[in-house]
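Please open the structure in a viewer and keep the selection tool at hand. The stops below proceed strand by strand and end in the nonpolar core.

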Amino acid sequence: MARHVASPVQPSFGILLASSPPPAGWKLSKPAPANKSATRKRRAIRPSACPKGAKAAFMKRVFAVLLMALSLAALPFESRSSGPDVSFSSDAMVRGGLILLKVQGCESDDLQVVWMQKEIPLLRGRDDGALRGFIAADLNQKPGVYPVAVRVPSLEMERTFEIQVNDRDYGVRKIRLPRAKVELDDASLKRARREALAVSALWKADCRPPEWEGSFWMPVNNKIVGAFGQRSIINQKKRSPHTGVDIRGKTGTPVRATNAGTVVLAADYFFTGKSVFVDHGSCIFSMYFHLDQIRVEEGEQIEKGRILGSVGATGRATGPHLHWGVRINGARVNPLTLIELSRELEP
Ligand SMILES: [Zn+2]
């Protein structure tokens, strides 16, 4: 574990600590640069007015005075006005799940949130000025308790919270496919490997500035016919789990972008057929597979709801449907959880 998350973990979960006065829960820490990948990811944090450098000492004195004041009189939570308030939409999630983190009362532009050794991109709300970010657990994340470190280097402060990642039985799906689509010949295998490399390059790139805003929308408003996370048994053999949701749709039904972003990949692939990958910034990606037609180009900036293509059955599909996937900070998560959590981001 990186040293910046090594501080003693609080005895209770994040949501319970959210309203605590900063001096009681925060510990002083030497400002240390985040690790390499975290430094790169910081770019996505939106700049804002914030105390830095010389102001840090002044702010420390302010906290000291506040600490004294709080020890003399037990103030109601509402009266505690200084220091960042960190809250989580939940203190636990399942593998493949998501938690929305909110930091209020922090003007600082150097606040860092580190989870699974990656810095979480934060977005400052236009209306309330709060910073928000998604804490995501990959579908294959080992269940356990993991720390979330919240640091304000300019104030030399750090606080660590615990998030529980639980296991979940997502069930099984059994699929029958033509043999050639499962047992690949040399040419198909080479092609599939080349395509997998092109896709994995997307996850290795730096986080881009946020283009997404507000809530995320369903790309096709229809029934879910294939749930997220199911273990797959194809032609009686165990295969990779289902990393997205399958949405019912007739061939030709328009598929819309779940949020604003940039099309970073639009190609016809062996497994996923005609596929569109959208980078929404903040290391949030959405993927749309098995399309009949693609109606956008790589590099194109798109608005929320923009038609990306149409439902089809291209690639390795048993029939027309939309496979929709989401990745957040590298983690494969349930897109429906993103829709649910992002509702509160709507002004
Ligand atoms: Zn699917």
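Begin by selecting β4 (98–104) and β8 (residues 131–136). These two strands, β4 and β8, pair in the antiparallel sense over six bridges; strands are DSSP runs of type E of at least two residues, helices are runs of H or I of at least four residues, and both are numbered from the N terminus. Two strands are said to pair if DSSP finds at least two bridges between them. Within this pairing, L101 lies opposite G133 in β8.

Some conventions apply throughout. The model is a predicted one, in which local features need pLDDT of at least 70 and side-chain atom pairs count only at pLDDT 80 or more, while totals for chains, interfaces and linings use all residues. Residues are numbered from 1 along each chain as its sequence is written.

**Stop 1**

Keep β8 selected and colour by burial. A residue is buried if 20 or more other C-beta atoms lie within 10 Å of its own, exposed if 12 or fewer do, and partly exposed in between, with C-beta atoms placed from the backbone. Six of the six residues of β8 are buried. Both faces of β8 are covered, with L131, G133 and I135 on one side and R132, F134 and A136 on the other.

R124 has L131 as its bridge partner in β8. Six residues lie between the strands of this hairpin, and G129 takes a positive phi near 70 degrees there.

**Stop 2: β5, β9 and β10**

Next, select β9 (residues 144–152), which is joined to β5 (residues 112–115) by four bridges, the two running antiparallel. Here Q112 has R151 as its bridge partner in β9. Strand β9 is also joined to β10 (residues 157–166), again antiparallel, by nine bridges. A149 stands opposite T160 in β10. In the hairpin of β9 and β10, with four residues between the strands, E156 has a positive phi near 55 degrees.

**Stop 3: two open sheets**

Select β11, β13 and β14, which form an open sheet of three strands in the order β11-β13-β14 with mixed pairing. Its edge strands are β11 (172–175) and β14 (237–239), each pairing on one side only. The twist averages 30 degrees from one strand to the next, where axes are lines fitted to C-alpha atoms (for helices, over the stretch in contact) and angles run from 0 to 180 degrees between N-to-C directions. Three bridges join β13 (residues 231–234) to β14 in antiparallel fashion, and I233 stands opposite K238.

Then move to the open sheet of three strands ordered β16-β22-β20, in which the pairing is antiparallel. β16 (254–256) and β20 (293–294) are at the edges with a single partner strand each, so one side of each is left without a neighbour in the sheet. β16 and β22 (residues 307–310) share three bridges; P254 is opposite S310.

**Stop 4: A266**

Centre the view on A266, in strand β17 (residues 261–269). Why does A266 count as buried? The reason is that 21 other C-beta atoms lie within 10 Å of A266. Leaving aside neighbours within four places in sequence, A266 is in contact (C-beta atoms, placed from the backbone, within 7 Å) with V276, I294, V296, E297 and E298. A266 and V276 are ten residues apart in sequence and 4.5 Å apart in space, C-alpha to C-alpha.

**Stop 5: helix α7**

Select α7 (residues 335–342), where P335, T337, L338 and S342 are buried. Seen down the axis of α7, these buried residues fall within an arc of 155 degrees, so they line one face of the helix; the arc is that of the directions from the helix axis to the C-beta atoms. Their cover includes β4, β15 (244–248), β23 (321–328) and β24 (331–333).

**Stop 6: the largest nonpolar core**

Finally, display L98, I135, V276, Y288 and I328, the residues with the most contacts inside the largest nonpolar core, which has 64 residues. Such a core is a set of buried Ala, Val, Leu, Ile, Met, Phe, Trp, Tyr and Cys residues joined through C-beta atoms within 7 Å. Its largest share, six residues, comes from strand β19 (residues 284–291). The core draws at least three residues from each of domain 1 (3–166) and domain 2 (172–345), with domain bounds taken from an automatic or database domain assignment. Beyond four places in sequence, I328 is in contact with L98, F134, A136, C283, I284 and V333.

How values were computed. Contact = placed C-beta atoms within 7 Å.
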